[in-house]
Amino acid sequence: MRLLRALLRCAAPGSASPSNIPQQVDFYSRFSPSPLSMKQFLDFGSENACEKTSFMFLRQELPVRLANIMKEISLLPDNLLRTPSVQLVQSWYVQSLQEILDFKDKSSEDSGVIHSFTDTVIKIRNRHNDVIPTMAQGVIEYKESFGIDPVTSQNVQYFLDRFYMSRISIRMLLNQHSLLFGGKINPAHPKHIGSIDPNCNVVEVIRDGYENAKRLCDLYYMSSPELILEELNVKSPGQPMQVVYVPSHLYHMVFELFKMSDRGGGVPMRKIDRLFNYMYSTAPRPRVETSRATPLAGFGYGLPISRLYAQYFQGDLKLYSLEGYGTDAVIYIKALSTESIERLPVYNKAAWKHYKAIHEADDWCVPSSEPKDMTTFRSM
């Protein structure tokens, strides 16, 4: 695998069989990830919370999810793979896979092994905190050095959707294990099952997202629109609207939507798709410093990532723009926890073909971004 062997030299010393990693990636990528439903996450955490069971599942499932997306990373253009930021992300994935595989043959009956695994899970979760902005920085480095042609743009868009969805799913597993068995209970949310709130109050999350977006708006523009919020619970009229969900996922979605809330003319229809394009951002180039910085500011990744959060549990995020008036945003969330099932990318022949296929020219004309000024053409 390209660059993988070179990256192994940067991996943590003492890891088990580092020269074996390419073969391990090939092996585990042959398996498809096992998607879990919100109900399965909930039932395991509330009724059968067993650290040993979680250990046995994760030491098999995490390598599969990591290896599947690592195979896709290796299919990116060579020049993109050579950017310092993408090499750094690759080294994180190599190191994390090695550390999980260290537990492959260790006894699940040894409490020391179980505790050590939990510590490793927390370490991996923290290592991957800056995966999104670091990969985004790599795309910027590539774009500035080599430019972007339509085919590469399409492939990078396809990859980033899958890469970030994989990252969301891996982080979900890491968070559930570390929050359930890491020894620390959040006193502010004692009834949460890991990162899941069995009775997530939708209105409270929306208000929280609005208040934080309002602060940003007041800080940069000295004013902000007021929130008019109406709650309609059809199933239980007069009762708060609650759903089994991950509050942090919902918060991310509404916060991003409030940042772009629009009643000032709408988004032109020809530009609506750009809002979900990782290559498109009107903001100046951001500086990558630490995870304490405002997340994704300036990368233009807020809406694309928000849509992935919605789609992760089989929901969606849609924008409907009425030019000359404004833009409506709709977040769809599954009402039943049994239907909220992880949406996971799988590395297979279909995915491989997407990166390797030669995309032919479109057989429909592509209009220019702005109408032509016909007055510049002379009459014959």
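**A guided tour of the predicted model**

Begin by selecting residues 316–322 and 326–332, which are strands β3 and β4. In this predicted model, the two strands pair in the antiparallel sense, with seven bridges between them. To follow one of these pairings, display K318 together with V330, its bridge partner in β4. Next, move to the turn of the hairpin, where three residues lie between β3 and β4. Select G324 in this hairpin: its phi is positive, near 95°.

Select L160, F163, Y164 and Y301, the residues with the most contacts inside the largest nonpolar core, a set of 83 residues. Then select residues 150–181, helix α9, which supplies the largest share of this core with 11 residues. In soluble globular proteins, nonpolar side chains tend to be buried together.

Proceed to helix α11 by selecting residues 247–259. Its 13 residues reach 18 Å from the first C-alpha to the last, close to the 18 Å expected at 1.5 Å a residue. Now colour the buried residues of α11: P247, H249, L250, H252, M253, V254, F255, E256 and L257.

Display L219, Y220 and Y221, which together make a nonpolar surface patch of about 440 Å².

Methods. Residues are numbered from 1 along each chain as its sequence is written. This is a predicted model: local features need pLDDT of at least 70, side-chain atom pairs count only at pLDDT 80 or more; totals for chains, interfaces and linings use all residues. Side-chain values use heavy atoms; hydrogens and water are left out. Two strands pair if DSSP finds at least two bridges between them. Helices (H or I, at least four residues) and strands (E, at least two) are DSSP runs, numbered from the N terminus. Patches are made of residues with over 30% relative accessible area and no salt bridge: like charges are joined within 9 Å, nonpolar side chains (Val, Leu, Ile, Met, Phe, Trp, Tyr) within 5 Å. Accessible areas come from the Shrake-Rupley method with a 1.4 Å probe; for residues, only the protein chains shown count as cover. A salt bridge is a side-chain nitrogen of Lys or Arg within 4 Å of a carboxyl oxygen of Asp or Glu. A nonpolar core is a set of buried Ala, Val, Leu, Ile, Met, Phe, Trp, Tyr and Cys residues joined through side-chain atoms within 4.5 Å. Buried means under 20% relative accessible area, exposed over 50%, partly exposed in between (1.4 Å probe, protein chains only). The expected span of a helix is 1.5 Å times one less than its number of residues.
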